[in-house]
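Subject: The model, and what turned up in it

Hi,

Here is the structure I promised to pass on. Have a look at it first, and my notes follow below.

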Amino acid sequence: MVAYTILSGLLFGLYFSLMAIGLNLIFGVMRMVNLAHGDFIMLGAFAAFFAYTLWNMNPLVTMLVVFFLFIILGGALYYLVVPRLLRAHDPEMLSLILFFGLSQIIQALAVIAFGNNQRSIDYTALGSGTVYLFGQGFEESWVVVASVSLLAIILVSIYLYVTKLGVATRAVMSHREEAASAGISVHRVSAYAMGIGLALAAIAGVFSPFMIGSIDPTMGTDLTTTSFAIIIIGSLGNPIGTIVGGMIYGLSLMYMESYQPSWSSLVPYLLLFIILLLKPSGLLGRRMRNA
Amino acid sequence: MRNKLKAGSVLLVTLLLFAVGTHIYSNENMWFQGMVYLALAQGINILYGFTGYLPFGYVGFFGTGAYAASLYMTDFHTQPIVAILGGGATALIVGLLLSPLLRLSGAYFSIGSLAASQMIYYTVSNPALQAVTNGPYGMNLEAFYNPTASYAVMLVILALTLFTTAYLRYSRTGLALRATREDAVSAAMAGIPVVRMRIMAWLLSALIAGLVGGTFAWHISVFYPNTVFDLNVSIFAIVFTLFGGGASLLGPIIGMFVLYGLYNWIGISAPQYFQLIYGVLIVMLVLFLPNGIMSLFRKKGYDVP
Amino acid sequence: MTIRFSTRSRRIATALTLSASLSMVGMSALPAAAVKTPNQLVIGTLYASSGSFATSSISSYDGLKFWAATVDRQGGVYVKALHKKVKIVIKAYNDQSSATTAATLYNQLITMDKVNVLVSDFGSVLTSVAVPIAQEHHQLLFDVTGTGASFFTKSNPYLVLTSLPTSAIWPNSLADYLVKQKTKRVAVLYDTNDFDQSQYNTLVSRLKAAHITPVYTGGVPTSTTNYAIIDHAIAASNPQAVVEFGYPNNDIAFLQSLNANGVHFPKVFTIFPGQQLQLMQQNVGVSGLANTLTYPTPPLLQYNRVNFGMPLSAFEKQFPSVEHHPVDFLTVAGYNAGLIIQKTLETSPTLTQLGMRHAVNSFSGTLNTIDGQFKIDSTGAQIGERLPVGQLIKRGNGLAVKFLQH
């Protein structure tokens with residue numbers, strides 16, 4: 001039981017990291033709080049559902065399609081709203097409201113388009129076997145999703161630390177003004193960050209029917225708060241810290257569900273709160289704290 | 001003097017409207033919730049408008065006040081008004097316990113306070129505490145139900161809240177608070193006790209939310225935990241404040257009347273597209289009126305209360 | 001200069017406040033006058049187009065609409081107080097699953113629209129706020145599915161539950177069944193909300209009275225979507241029967257997790273396959289539901305002695321073509337609420353709210369509808385129905401029910 005709890009906590013931890021990393025990227029680059037994050041996860045989930053039920057498309061293929069679609073969507077969204085918002089008095093706080101409004105719009109349109117009923121994808125779509133890890137049997141789909149999540153996080157790290165655009169992205173994250181004066185096109189970097197951020201959320205959505213359960217148009221709200229907890233536990237504005245956050249969240253959630261299920265929903269918030277008070281910048285963060 | 005007159009007339013007109021409103025439009029609950037949201041918006045205004053801290057988990061104090069007041073009524077059989085004061089005091093104590101949150105800034109603070117409110121919610125609604133809070137079954141104040149009296153009490157609380165904001169708008173204390181928002185370091189150097197002032201604003205807004213929550217509980221009289229810890233309560237109050245414009249008395253008032261009015265108007269005339277229209281409206285407001293309606297007047301040179 | 005500015009700004013401020021408030025006041029212009037004309041009766045209700053109760057709420061709302069469309073096709077309902085047939089108009093607002101919004105909208109229906117008959121939205125949460133408001137305004141509330149036991153008191157005559165018994169007595173038949181089967185090792189998992197926890201409490205106390213102590217009990221948040229870990233914890237207690245009390249989402253997630261991770265329990269009980277079989281089947285699949293236990297309700301359960309309204313066969317034929325929505329229990333419940341209202345109007349010599357309440361008392365116990373016997377006690381709670389226990393059996397490509405305990 002203990003081994004099973006720990007291992008499933010790690011598998012889910014990887015998935016949770018993927019779920020939250022896009023939110024962190026967007027906040028890190030733009031200082032925008034994307035309250036519609038969970039709704040993009042929901043859109044990814046419905047994409048997977050329809051691709052599977054209509055064309056029997058493997059979720060792994062859907063993932064690739066969705067990734068490119070949402071990069072374009074994110075870039076467009078960036079140019080549509082963010083430059084305008086940046087001219088306001090307090091863009092960071094206003095972004096909360098703006099994305100709340102966007103979240104309402106997405107949910108309303110999703111209800112009109114998809115209806116209110118829960119939908120599920122046949123769990124065998126990602127493999128029906130059992131995978132044994134350290135003597136414990138796990139659903140094959142969990143292992144597939146955890147592996148893909150790990151791969152995606154590695155690719156994001158390579159992007160941020162190796163590619164030219166990624167290095168520029170990190171420069172904007174740490175010193176926005178200096179980066180701009182050094183000739184980095186902040187808008188271009190930010191538009192990419194927005195696109196990649198939403199695309200990562202959407203591919204997390206593609207796998208959500210296998211990890212989180214049945215999907216519906218309003219599932220996003222809870223996922224947004226969970227993602228927030230994860231990135232703050234790791235560290236806000238540091239995408240790599242998200243992995244730490246995801247792992248801690250996954251492990252503690254599974255532990256509570258095994259031994260104290262009624263308190264399990266308290267876990268993310270309790271962790272978030274304790275970490276904020278002890279180390280306001282998150283476990284891996286630097287500075288960002290008031291006078 | 002002139003300032004006092006201006007603020008006084010805004011205050012009077014607003015309160016008068018709520019006092020006679022139910023005779024014009026008899027959906028008394030709509031007016032009551034209008035007062036609830038206005039008082040909460042002013043509570044947010046006191047904290048955000050004057051210090052720059054945006055508490056996303058503001059509903060935590062509201063729910064605390066609602067539960068505390070209800071428990072004082074059902075378990076200790078206190079008068080509803082005493083129970084509401086108790087609810088306010090309880091929220092104040094919770095605010096004091098949570099005051100370390102003020103060490104955080106920006107989005108960290110907003111999300112930290114959100115986490116705090118969720119923690120209170122999940123604790124209060126947990127079946128393990130059923131003997132104390134009635135757990136998931138919520139509260140039933142049927143024996144105390146009195147919509148007329150609770151309406152009157154809410155009006156008094158709203159009056160006090162508006163008066164407090166008006167005072168902060170024109171007093172030296174309010175000026176000092178705003179100085180900490182613009183530039184905390186210079187304010188501290190100018191001799192303003194930055195930390196103490198911030199905590200004061202935080203506690204004041206917690207107290208307001210607690211009192212409002214207690215009165216709301218009395219008015220609605222039957223509620224489940226997720227009714228009084230609904231995050232939409234925070235979001236509504238914040239949106240109303242930002243739409244009107246912070247650090248003013250009139251801003252949140254206008255924000256509440258226009259947006260809550262529209263909310264109800266859409267809800268009653270086009271219920272099927274309700275969420276969509278409201279979402280589009282919010283996005284448009286942020287994009288085209290990012291600094292609130294008050295900024296339009298200030299740009300023209302009017303000094304709004 | 002300053003004087004002019006300040007007076008002007010004050011005037012503007014006042015004007016703005018007033019004009020803004022007009023958007024609230026202006027709503028009185030909406031059609032409420034319809035009530036006065038004796039050629040139609042207005043039934044006011046709420047539905048949730050989004051949020052956690054949307055699926056169920058829409059079903060029950062469609063059921064009510066279907067009833068209204070059916071009677072209107074026949075020229076309306078015979079209203080005894082008016083000695084003639086009158087058409088039915090439904091006035092409905094969208095509360096989006098928020099109890100706070102619902103409170104305002106119930107108030108709107110009562111105070112502004114002055115509806116003749118008030119019907120609550122689905123479930124206990126959205127019904128709860130209507131109970132005190134209806135009582136305060138002396139408006140009879142027809143409660144479709146709000147089964148929270150605390151609503152029903154002797155001091156409040158303005159409440160009638162039209163279908164389902166209060167949730168706390170649902171598990172009686174289940175407890176009887178488990179005791180009769182001599183099931184010694186029972187695991188009970190429930191969601192921490194009023195609806196599920198009250199059932200858990202009843203079941204456990206009835207089992208304990210029969211000297212059965214559950215080998216596992218656990219309360220999980222209603223938001224739980226992944227039961228894999230919990231399944232393993234339950235399996236560790238080695239139960240003969242697992243009872244899961246949840247909302248539809250929870251039952252789906254729970255049954256899916258059993259399917260996917262290969263944990264097998266000899267007997268599994270969930271609530272909602274008996275109420276929303278089609279939704280459950282779409283998500284869990286026939287094989288995931290086969291052999292599980294549930295409380296079957298119409299359309300799975302057919303009442304034969306129908307003396308008022310359509311029998312099940314006619315309803316199943318007509319409803320989908322009118323409302324473009326599959327038949328499930330909540331559509332039946334919404335339709336049944338309409339029937340109770342119809343009988344009330346046919347019986348009551350006055351249209352006053354208390355007069356209607358007396359009329360409901362007068363026919364309580366004599367009415368048999370598609371949803372079984374309608375019988376209320378003195379608090380307005382439903383006591384005519386008792387939920388049996390049934391087992392879903394695979395038949396062809398679909399599922400049929402085998403009754404185990406009445």
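Between chain B and chain C, 15 residue pairs are in polar contact, both residues of each pair being at pLDDT 80 or more. A polar contact here is a pair of N or O atoms within 3.5 Å; within protein, one must be able to donate a hydrogen and the other to accept it, and residues adjacent in sequence count only if both atoms are side-chain atoms. This is a predicted model, in which local features need pLDDT of at least 70, side-chain atom pairs count only at pLDDT 80 or more, and totals for chains, interfaces and linings use all residues. Residues are numbered from 1 along each chain as its sequence is written, chains are lettered from A and ligands numbered from 1 in the order in which they are written, and side-chain values use heavy atoms, with hydrogens and water left out.

Staying with chains B and C, 51 residues of chain B are in contact with 58 residues of chain C, where contact means heavy atoms within 4.5 Å. The two chains bury about 4,900 Å² between them, and carbon and sulfur atoms give 63% of that. Buried area is the accessible area (1.4 Å probe) that two parts lose on being put together, summed over both. On the chain B side, Y25(B), Y224(B) and Y302(B) supply 14% of the area buried against chain C, more than any other three residues. Salt bridges across this interface come to zero by the rule, which asks for a side-chain nitrogen of Lys or Arg within 4 Å of a carboxyl oxygen of Asp or Glu.

Which elements of chain B face chain C? At least two residues each come from α1 (2-24), α2 (28-51), α10 (194-220), α13 (250-269) and α14 of chain B. The largest share, 13 residues, belongs to α13(B). Helices (H or I, at least four residues) and strands (E, at least two) are DSSP runs, numbered from the N terminus. By class, this side of chain B has 31 nonpolar, 14 polar and six charged residues. For those classes, Ala, Val, Leu, Ile, Met, Phe, Trp, Tyr, Cys and Pro count as nonpolar, Asp, Glu, Lys and Arg as charged, and the others, Gly among them, as polar.

Chain A meets chain C too, with 26 residues from chain A and 28 residues from chain C taking part. This pair buries about 2,200 Å², 53% of it on carbon and sulfur atoms. In chain A, N116(A), Q118(A) and E257(A) lose the most area to chain C, together 24% of what that side buries.

Of its 28 lining residues, V111(A), G115(A), N116(A), N117(A) and I58(C) are the closest to its centre. With four residues, α2(C) gives the most to that lining. For the terms: on a 1 Å grid over the protein atoms alone, a cavity is a set of points where a 1.4 Å probe fits but cannot get out, and a pocket is an open set with protein on both sides within 12 Å along at least five of seven lines; lining residues have an atom within 4 Å of a point.

There are 13 cavities of 30 Å³ or more in the structure. The second largest cavity holds about 120 Å³ of space, and among its 13 lining residues F122(C), G123(C), T145(C), T147(C) and F195(C) are the closest to its centre. Grid points are joined across faces, edges and corners, and a volume is the space filled by probe spheres set on the points.

A few local details to finish. Over all chains the structure holds three salt bridges; one of them joins the side chains of D62(C) and K65(C) (3.4 Å, N to O). Both residues lie in helix α2 of chain C, three residues apart, about one turn of the helix. Most residues other than glycine have a negative phi, and most peptide bonds are trans. The bond from P298(C) to P299(C) is cis, with omega near 5°, and S221(B) has a positive phi, near 65°.

Best wishes
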